[in-house]
Amino acid sequence: MGDTIFGKIIRREIPADIVYENDEILAFRDVNPQAPVHVLFIPKRPLATLNEAGPDDAGLLGRLLLACADYAKQEGFAEQGYRTVINCNEHGGQTVFHLHVHLLAGRPLHWPPG
Ligand code: AMP
């Protein structure tokens, strides 16, 4: 896949408000937050979209979601609730083609989305 702005964040070429990091995952605050808490969890190994994920990525995808839940517990909003979202391609509203999980919290979130 081509490089994206998230690749530049991983390589520390542009700044980001990083809230969590391990060997394979980076999480940072969304620059255009849609809720009081809006954090993006990304794999350091780039996958453009969820469509590019295969069986070998099952563990990574699970660990991305577990990182979201761990962060919610650590920050104290897990019981109140939150939403995780992966947008895929045009109809999903994806704009950055480096797979990412949005973690949204801090206010009631409407459903269904528009
Ligand atoms: P998506 O539309 O699902 O591809 O989400 C991309 C998200 O990346 C949007 O919510 C943007 O606000 C966010 N975003 C774009 N550039 C940056 C950046 N440099 N730092 C943090 N978040 C960003």
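Trainee: What makes the approach of the backbone nitrogen of Gln34 to the side chain of His38 a polar contact?

Mentor: The backbone nitrogen of Gln34 is 3.0 Å from a polar atom of the His38 side chain. A polar contact is a pair of N or O atoms within 3.5 Å; within protein, one must be able to donate a hydrogen and the other to accept it, and residues adjacent in sequence count only if both atoms are side-chain atoms. The His38 side chain also makes a polar contact with the side chain of His102, at 2.8 Å. Keep in mind that this is a predicted model, in which local features need pLDDT of at least 70 and side-chain atom pairs count only at pLDDT 80 or more, while totals for chains, interfaces and linings use all residues. Residues are numbered from 1 along each chain as its sequence is written, and side-chain values use heavy atoms, with hydrogens and water left out.

Trainee: Why is His38 called buried?

Mentor: His38 has 5% relative accessibility, and therefore counts as buried. Buried means under 20% relative accessible area, exposed over 50%, and partly exposed in between (1.4 Å probe, protein chains only). His38 lies in strand E3. Leaving aside neighbours within four places in sequence, His38 is in contact (heavy atoms within 4.5 Å) with residues including Phe28, Asp30, His102 and Leu104.

Trainee: How do you know that E3 and E5 pair?

Mentor: Two strands pair if DSSP finds at least two bridges between them. E3 (residues 37–43) and E5 have 5 bridges, in the antiparallel sense. Val37, for instance, stands opposite Ala105 in E5. Strand E4 (residues 82–85) also pairs with E5 in the antiparallel sense, over 4 bridges, and Val85 there has His102 as its bridge partner. The strands themselves are DSSP runs of at least two residues (E), while helices (H or I) need at least four; both are numbered from the N terminus.

Trainee: What makes E5 largely enclosed by the rest of the structure?

Mentor: 5 of the 5 residues of E5 are buried, so the strand is largely enclosed. Both faces are covered: Val101, Leu103 and Ala105 are buried on one side, His102 and Leu104 on the other.

Trainee: Which residues are the closest to the ligand?

Mentor: Asp30, Asn87, Thr95, His100 and His102 are the closest of the 16 residues that surround the ligand; a residue is near a molecule or strand if one of its heavy atoms lies within 4 Å of it. A polar side-chain atom of Asp30 lies 2.5 Å from a ligand oxygen. A backbone N or O atom of Val31 is 3.2 Å from a ligand nitrogen, and a polar backbone atom of Thr95 is 2.7 Å from an oxygen of the ligand. Taken alone the ligand exposes 510 Å², and the protein buries 83% of that. Such areas come from the Shrake-Rupley method with a 1.4 Å probe; for residues, only the protein chains shown count as cover.

Trainee: What makes Glu21 and Arg12 a salt bridge?

Mentor: The closest N and O atoms of Glu21 and Arg12 are 2.7 Å apart. A salt bridge is a side-chain nitrogen of Lys or Arg within 4 Å of a carboxyl oxygen of Asp or Glu, so the pair qualifies. The whole structure has 8 salt bridges.

Trainee: Is Arg12 called buried, partly exposed or exposed?

Mentor: Arg12 has a relative accessible area of 46%, so it is partly exposed. Glu21, at 38%, is partly exposed as well. Arg12 sits in the loop between helix H1 (5–10) and strand E1 (18–21), and its phi is near 60°, a positive value in a residue other than glycine.

Trainee: How do you know that Arg45 and Asp57 meet in a salt bridge?

Mentor: Their N to O distance is 2.2 Å. Arg45 and Asp57 both lie in the loop between E3 and H2, so the pair ties together parts that are 12 residues apart in sequence. Arg45, at 47%, is partly exposed, whereas Asp57, at 6%, is buried.

Trainee: What is the omega of the cis peptide bond that joins Trp111 and Pro112?

Mentor: Omega is about 0° in that bond. Pro112 is found in the segment after strand E5 (101–105).
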